[in-house]
Amino acid sequence: MKLKVLVTREIFEDILDYLAGHFEVSANQSDIPMDPQTLAKNLTNKSGVMTTLMDRVDAALLSACPTLKAVCNIAVGFNNIDLNACSRAKIMVTNTPGVLDDSTADFTWALIMATARRVVESDTHLRSGHWKGWYLKQFLGADVHHATLGILGFGRIGRKVARRASGFDMTVLYHSTRQADPDVERACNATYVSKDALLTRADILTIHVPYAPSTHHIIGRPELAMMKPGAILINAARGGVVDDAALVEALTSGRIAGAGLDVFENEPALNPALITMKNVVLTPHIASSSAATRHAMAMLAARNLVAALTTGKPPNLINPEPSGDGSGQ
Ligand code: GLV
C-alpha cells in the first residue's frame, strides 16, 4: 500500500505525476490556502507534506498529525516551520536551497533598477495619460552605476547579487556574521565592513539574511537613521527583517529616498502607508518566480519528499537529527 502525502498548494502537473509514482497524493490544485484547522484535517493519515511559506507548521499542528514523518517546504526559507517541534516529533524537514539563487539575485536587481530609476512611477504616469512630452527634469532618479552597493548577508544569494554589480562599476561592500574567504571576496569584488560602516556608506542597501529571532528588525529605526540621506533600501529576503513601521517613517521624512520591497512583515497584508508612496516599488514575494525556478523548487521539494519517506535521507534535510533538539540548521 502506498503512503499518503499532501501537497498544500497548486503545483506543476508533471511533479504531481512524479509524486503519484510513489505515493497516494492529495493535491490542492484549486490553490485555496488552508487555515490551520483545514491543514490539520487534510493531514489525517498522511506520512508527508509539501508545504509553502504560507503554511504554519508548529507544535499545535503536529500534535494533530501523529502519522507525519516529513515536511518538505517549497522554499529556501523555513521560518514558517517550528524546527524544534518537528525534531521533537521525529519529523524530517527539508528546504530548497541553491535552485533559486540566480533568479532571486536577478530580481533583486530588478528592484534596484526600478526603484533607483523610478520605473514603476513613470510607467503609471504614462498610463494615466499625464505625459505631455520630454522635460529635462522629469523623473530624475539616482544613478546605479559607480554607486556604492551595501549587501547585508553574504550567503549564496548575496554573493550572486554582488557579482552582478560588476557591470555597473560599483563599489561593493558587505556585512555578514562571518567574513567570506578571500577568493570569494575577490570573485565578488566585495569588501567586508562592519554593519555600521555598511549602513553609513551604502547608496543602495540590499538585505539577504534569513529570518530568525537574531535577524528580526535587523533594519529598524536606529539602522535607518544611520543610512545615507538619499539611500535606497531593497528587501527581497523576508518580511520581519525590516521594521516596516520604521521604514515608513524614514521614507515619509525623506531620511531615505526609496525602497524596493518584495517581502513584508505581515504579508499578504501591507502597511497601508507603503501603498500610497510613489518612491516605493512593491512586488508580491515573487523574487524566485521565474517559470524554470519555481518548477525547480517544487521538483526539489518533491525529490526530498520521496527520499525522506523511502530512504530516510532527503538531500536537503535541515534538522539532521530529527529526534534531537533541532539545532542542526
Ligand atoms: C522564498 O521566499 C523562499 O524562501 O524560497
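Q: Where is aspartate 31 placed?
A: In this predicted model, aspartate 31 sits in the loop between strand E2 (24-26) and helix H2 (36-42).

Q: And what is its phi?
A: The phi of aspartate 31 is positive, about 65°, although the residue is not a glycine.

Q: Turning to peptide bonds, which residues does a cis peptide bond join?
A: A cis peptide bond links glutamate 267 to proline 268, with omega at about 10°.

Q: Where is proline 268 found?
A: Proline 268 belongs to the loop between strand E11 (258-261) and helix H12 (272-276).

Q: Now the ligand. Which residues are around it?
A: The residues around the ligand are Leu53, Ala75, Val76, Gly77, Leu100, Arg238, His285 and Met297.

Q: How does that shell divide by class?
A: The shell around the ligand comprises 5 nonpolar, 2 polar and 1 charged residues.

Q: What lies 2.6 Å from an oxygen atom of the ligand on the arginine 238 side?
A: A polar side-chain atom of arginine 238 is at that distance, 2.6 Å from a ligand oxygen atom. Histidine 285 likewise places a polar side-chain atom 2.6 Å from an oxygen atom of the ligand.

Q: What about glycine 77, backbone or side chain?
A: For glycine 77 the backbone is involved: one of its polar backbone atoms is 2.8 Å from an oxygen atom of the ligand.

Q: How much of the ligand's accessible area does the protein cover?
A: On its own the ligand has 190 Å² of accessible area, and the protein covers 88% of that.

Q: Changing topic to helices, at what angle do H5 and H7 pack?
A: Helix H5 (residues 101-116) and helix H7 (residues 156-164) pack at about 50°, and their axes are 9 Å apart.

Q: Is the crossing left-handed or right-handed?
A: The crossing of H5 and H7 is right-handed.

Notes:
Residues numbered from 1 in each chain as written. Predicted model: local features only at pLDDT ≥ 70, side-chain atom pairs only at ≥ 80, totals over all residues. Heavy atoms only, no water. Near = heavy atom within 4 Å. Polar contact = N/O pair within 3.5 Å; in protein donor to acceptor, adjacent residues only side chain to side chain. Areas by Shrake-Rupley, 256 points an atom, 1.4 Å probe, with all protein chains shown as cover. Nonpolar A, V, L, I, M, F, W, Y, C, P; charged D, E, K, R; others polar. Axes fitted to C-alpha atoms, helices over the stretch in contact; angles between N-to-C directions. Helix = DSSP H or I, 4+ residues; strand = E, 2+ residues; numbered from the N terminus. Left-handed = near helix turned anticlockwise from the far one by under 90°.
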